[in-house]
Amino acid sequence: MFGVRVRCLGRSVNDSLIHSLQQFFGHHAFRDGQKELVETVLDGQDLLAVMPTGSGKSLGFQLPALLLPGTTLVVSPLISLMKDQVDELNRRGIRSAGLHSALSADERRGLFRLLHSGECRLLYVAPERFASDYFVRTLQEIKVARFVIDEAHCVSEWGHDFRPDYRALRDAAGLCRRSDGRSGRPPMAAFTATATPEVRDDIVHLLGLVEPRVVVAGFDRPNIELSVRPVSGDIEKHQLLPQMVGTGRALVYASTRKKAEAAAETLKAAGIDAAAYHAGLADSERSTVQDRFAAGALRIVCATNAFGMGIDRPDVETVVHLDIPGSLEAYYQEIGRAGRDGRGATATLLWNYVDVKTREFLIDRENEEDAARDGRRPDPAEVARRKELDHRKLRRMVSYADTSSCLRATILRYFGDAGVREPCNSCSNCGRRQPIGDADRLLVRKILSGVARGGERYGRRRIAAMLVGDLEDLPEPLTRLSTTGILRDEPVATVEQWIDALTGAGVLRASDDQYRTLSLTSLGREVMSGKVQDLLIAAPRSRPAPAPRGKRRRLRQEESGGDGESSAIPLTPVVDALRAWRLDEARRNSVAPFVILHDRTLLAIASMLPKSTENLLSIPGIGPAKLASYGDAILSIVATVSASGPRA
Ligand code: ADP
Ligand code: ZN
């Protein structure tokens, strides 16, 4: 049997695999992960392969199918995909066929003849075929080399396209006769491009894989720089948008049709070539936009997630998400449309907690509409369960947006890609990691003590409220701790941001459920006790102005989810740039940002836009000393940002 021979031949195995790769597929080398797939399948070990679309997964079963005696069955849910692959294989001289509902009676007879002849290397089958008695009888008459399940995530309700038929595949495999004459079912190999931890578990258990080798590879897209940029709201998003889309091809994703339209309008108003794309457009309009973009005649498309399926322009340089997407899977797929040519590209998520509410609303509505569309009387329990699944996916996405640890590592870890190297140094969080200063270290220790004193039973909102002494709505035990009010001079939003940063730095841990209960990690305990002093942390970007106590309640309400930025400060690009500079300066000098410049002063600068040192000196809070230290820097920030950006 070839599978066995392959094991013993050592080096020449490699040569013979490469030889087949060249001879039948015309490729000169294996891609990342491919050889592992091929070897596992040849070995007869069960396999779960998780690799992105286009990475060359099919070779993992096609090449072994060539070399093994018997027919390899490939379950595939899409007839069109099946036809493409079968045609391609036959063109390469590999006898293959596809069994699906679109075959004529003649074609079907031909196919079964081919199967019985034993000449068929690969048989592609639609999952619902296993319900046919005739096919099942045939299965028992032929010799099956391997049982392959493509798009294996379809077995899981966690995946994006659950197929009940997939649940029958475990039994179907059990009916097959092995081509090597051994007892038991043939070895199984499952392939998918999307397998989050839940989906992976489902695949293994529901398909009945036995001690499978799990190969996850190829998810990293190192040429795409990832960033998350907190924004105060829609006004700021639209101010930023024209500069964010750069000068090359770009995709802008929005959560609703209206928002996609609005983004296109903003860009057009700024003289930038852009069009909206969403399911509400007429078919003809949609295909015009798609065609123009595909042909390179249109630079920017502002779309809902309806866009992109058929688009494969290699030179998309920028992807901007105006609103948080519904899941990390969706996000990664959408940003994956950037940088296909391997050149540097950027993917930026504009992040405002308020947008989560929109997503939550969309999730509930879509699930109800789907249920209503199914025709049958919707089962309320089933609808509720689906909603819950989607809300959990959204929460994973929110924790990406929230995290202060490496964005790339966060995504890759989520997909189970073993190749995580942290820090990646090409994401916005890695770019911001800095050693923590003395003042901040004290703040951090107070926060950690607060979490510990609270018995590690509360989430971010409550802990932050307790620390700043905002007692309204607090559970009674939190109102009388030694840490209650210990940070009364900090705005609650700042404390919440620090909590996020600490979670990201692995100092605090947030539970995975909806409560996101905070607890200390072992590193956290060492930092709290002062045993660990050095901490690399992507500290909160800026400290909103401390609100007077009377105002705090109002502020908190506006920031219902604690979205981070105090809405008391209007965020213009100049304010933003000044704060970023101030934060740098503060860190360099290990002082709090307000020591460099007060928020009042910063705001006065942003509204006056001074052009000279005289102008600057007339601003309250800027005396000769500040002028000497920071005058040049401030003037140059004001000059560059107010000239280049949209009007501040
Ligand atoms: P997937 O199933 O992962 O979406 P495919 O198997 O369809 O990906 O392969 C995507 C493309 O990559 C195909 O055009 C295929 O010919 C090509 N390809 C696969 N393996 C190699 C390789 N080792 N070298 C070069 N091209 C390859
Ligand atoms: Zn990183």
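Glutamate 151 is partly exposed in this predicted model, with a relative accessible area of 21%. Because buried means under 20%, glutamate 151 falls in the partly exposed class. Its place is in the loop between strand S5 (144-149) and helix H8 (169-175). The backbone of glutamate 151 has a positive phi of about 50°, although the residue is not a glycine.

Glutamate 456 is partly exposed, with a relative accessible area of 25%.

Helix H18 (residues 438-453) packs against helix H20 (residues 492-504) at an angle of about 85°, and their axes are 11 Å apart. H18 and H20 are therefore roughly perpendicular to each other. On the H18 side, the contact is made by Asp440, Leu443, Val444, Ile447 and Leu448. These residues meet Val495, Trp498, Ile499 and Leu502 in H20. By class, the contact of H18 with H20 has eight nonpolar residues, no polar residues and one charged residue.

H19 has seven of its nine residues buried, so it is largely enclosed by the rest of the structure. The buried residues are Arg460, Ile463, Ala464, Ala465, Met466, Leu467 and Val468. After H19 comes glycine 469, whose phi is positive, near 80°.

A glycine with positive phi also follows helix H3 (residues 34-43): this is glycine 44, with a phi near 90°. Within H3, the residues Gln34, Leu37, Val38, Thr40, Val41 and Leu42 are buried. Glycine 44 itself is found in the loop between H3 and strand S1 (47-50). At 28% relative accessibility, glycine 44 counts as partly exposed. Leaving aside residues up to four places away in sequence, glycine 44 touches Arg146 and Pro187. Glycine 44 and methionine 188 are 144 residues apart in sequence, while their C-alpha atoms are 8.1 Å apart in space.

The metal site comes next. The zinc ion (ligand 2) is coordinated by the SG atoms of Cys406, Cys424, Cys427 and Cys430, at 2.3 to 2.4 Å. The four donor atoms subtend angles of 101 to 121° around the zinc ion (ligand 2), which makes the arrangement tetrahedral. Along the sequence, the donor residues follow the spacing C-x17-C-x2-C-x2-C. Cysteine 406 lies in the loop between helix H15 (380-402) and helix H16 (407-415), whereas cysteine 427 lies in the loop between H16 and helix H17 (428-432), so the pair ties together parts that are 21 residues apart in sequence. Both cysteine 406 and cysteine 427 are buried.

Of the 648 residues in the protein, 52% are buried. Among contacts with a separation of 6 or more, 71% are accounted for by residues 24 or more positions apart.

Methods:
Residues are numbered from 1 along each chain as its sequence is written. Chains are lettered from A and ligands numbered from 1 in the order in which they are written. This is a predicted model: local features need pLDDT of at least 70, side-chain atom pairs count only at pLDDT 80 or more; totals for chains, interfaces and linings use all residues. Side-chain values use heavy atoms; hydrogens and water are left out. Donors are N, O and S atoms within 2.8 Å of the metal (3.2 Å for Na, K and Ca); water is not among the atoms, so sites may look incomplete. Four donors count as tetrahedral if all angles lie between 85 and 135 degrees; four count as square planar and six as octahedral if opposite donors are over 155 degrees apart and all others between 65 and 115; anything else is irregular. Helices (H or I, at least four residues) and strands (E, at least two) are DSSP runs, numbered from the N terminus. Buried means under 20% relative accessible area, exposed over 50%, partly exposed in between (1.4 Å probe, protein chains only). Axes are lines fitted to C-alpha atoms, for helices over the stretch in contact, and angles run from 0 to 180 degrees between N-to-C directions. Angles under 35 degrees count as roughly parallel, over 145 as roughly antiparallel, 65 to 115 as roughly perpendicular and the rest as oblique. Contact means heavy atoms within 4.5 Å. Ala, Val, Leu, Ile, Met, Phe, Trp, Tyr, Cys and Pro count as nonpolar, Asp, Glu, Lys and Arg as charged, and the others, Gly among them, as polar.
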